[in-house]
Amino acid sequence: MCIRIALLLSVGWALVQGDVCDEQSLLAMNKHSALAPCNKTKRRSSASPWGTTWTGKNCYDGHGGKNIGGNKQLRYERCFDLCAYTDGCSCFVSGPGLDNKECFLLSKCEEASCDNDDYWTTTVMPGAQAPLPPGCPVFPSVTTDSRDPASDPVAPPFPSWAFDSANLGGQGKYPQPPYDNSLECGIDLQAAYDFDYLSQIGNHPDDVRDYLVSVYGQQAVDDDKVQMTSDFRFFWNTAPLREQITIPRPAFFACEMPYWQPYTIPDGNTYVDMQGQRHAAAGFWLVPHDPSFPDLVQDGEWVEVSHFARLEDHTAPEDISSVGQMWYWMAPGSGIWLNVGKAVRYDTAGQNAQGGCPKALQDGYDTIINTPWHDATSPQNGYMNYGGMVEIVDCRGAKGGREVNFQKMWEGPCPPPGAGALRSGLPNLGSDYSCECRCDISKWYLNCEGQ
């Protein structure tokens, strides 16, 4: 499905929904651990997408802010999470650097009254917003389904798709959740390819319709504005017949795969979510069948994206996931849309970030669109490297003199403060068919499941 649009970017956020814990549980969060299970529920949302940052501003008691306790000793993203789940916290102050653990929560911040100090950054959390209107896509939650306790692949009994083949190495071994990212290239792709997924689900039109309603909304389906086509490349694990197909989890960044090959990626399998659990991937892809990438969008248009939380294993500023550099996969079929603004385009995905957002911002761009290189004259014609994955990188979190945000790690599922807004449904058709995307940070994948 290729849907091209040119709407003005409309802002909206993003529910943060989850459990409120005591401070001890919250402070247990770090790069390798997460929140213990809690009992209460807290919601936050905002008229601006994901909050904002004031670089060079230090707010504290008597100087534009009101402190909530002392230094919480958390890296930036965990400080953000702690503020999101702390009653009364509306902003926080942090120091510079990827490993900095200066984290001061505040109940209010007034920019004009805060001290000017280049060392500090004040982050203002999203504020309150009215509920979404009825008719917005409900989205298929791929964590626990209340009707099926086995639907969460973290706790046994596991659903069948939790055992997707990965790291077989020719030995026929299936991993047990949680998975790891040490994947080998020699994985069996043939069974998933032979399943012929698109043809198979074409025999189940009612199930396909129900699935499309959950992703794009009832109105869009009733008005015949969206149909399942061969241009769909991403499918949530709630898609029809998902339990009948074993999806390979190959080292897609090192292998060539044939057009139409179903596969999924390792991102997310080692990330520890806010309940201290690991999960299987939330969906799967098909290798595109057209190496010219006809579904690429123009400047100012919307593109469907996906993202999985991950433990960052990169170190270079142009490669890392940070507040100033939010990485997405282009994912036609996800139902989650990002407006690319002014984009610079490369064809070195998986090989060279071309300077990443630091260079893109310097050159006046909002985003990066990076396709994988493809040689149509190769003997391997009919195959694509990198799974045909197109990287979409949002640089807006560092715009406006906020380059310090390139040094604030962001590994979680939802966009960071200052990033571009997302929408659900079909934003090219206007508000009747589209809603603000509100991302629930308690999940491990990009979502619009917030309220």
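Trainee: Which residue forms a disulfide with Cys437?

Mentor: A disulfide here is a pair of cysteine sulfur atoms within 2.5 Å. Cys437 forms one with Cys448, and their sulfur atoms are 2.0 Å apart. The S-S torsion is -100°, a left-handed link. Both Cys437 and Cys448 lie in the segment after β21, so the pair ties together parts that are 11 residues apart in sequence. This is a predicted model, in which local features need pLDDT of at least 70 and side-chain atom pairs count only at pLDDT 80 or more, while totals for chains, interfaces and linings use all residues. Residues are numbered from 1 along each chain as its sequence is written, and side-chain values use heavy atoms, with hydrogens and water left out.

Trainee: Are Cys437 and Cys448 buried or exposed?

Mentor: Buried means under 20% relative accessible area, exposed over 50%, and partly exposed in between, using a 1.4 Å probe and protein chains only. Cys437 and Cys448 are both buried. Across the protein chain, 57% of the 451 residues count as buried.

Trainee: How many disulfides does the structure hold?

Mentor: The structure holds eight. Another of them joins Cys414 to Cys439, S to S 2.0 Å. Its torsion is about -80°, so this disulfide is left-handed. Cys414 sits in the loop between β19 (391–394) and β20 (422–425), and Cys439 in the segment after β21 (434–436), so the pair ties together parts 25 residues apart in sequence. Cys414 is buried at 3% relative accessible area, and Cys439 is buried at 0%.

Trainee: What is the handedness of the disulfide of Cys91 and Cys109?

Mentor: The torsion about their S-S bond is about 95°, so that disulfide is right-handed. It links distant parts of the chain: Cys91 in strand β6 (residues 91–94) and Cys109 in strand β7 (residues 103–109), 18 residues apart.

Trainee: How are strands defined, and when do two of them pair?

Mentor: Helices (H or I, at least four residues) and strands (E, at least two) are DSSP runs, numbered from the N terminus. Two strands pair if DSSP finds at least two bridges between them. The protein chain has seven helices and 21 strands. Three of the strands form an open antiparallel sheet in the order β9-β12-β11. β9 (234–236) and β11 (262–263) stand at the edges, each with a single partner strand, so one side of each is left without a neighbour in the sheet. β11 pairs with β12 (residues 283–286) over two bridges, and Pro262 stands opposite Leu286 in β12.
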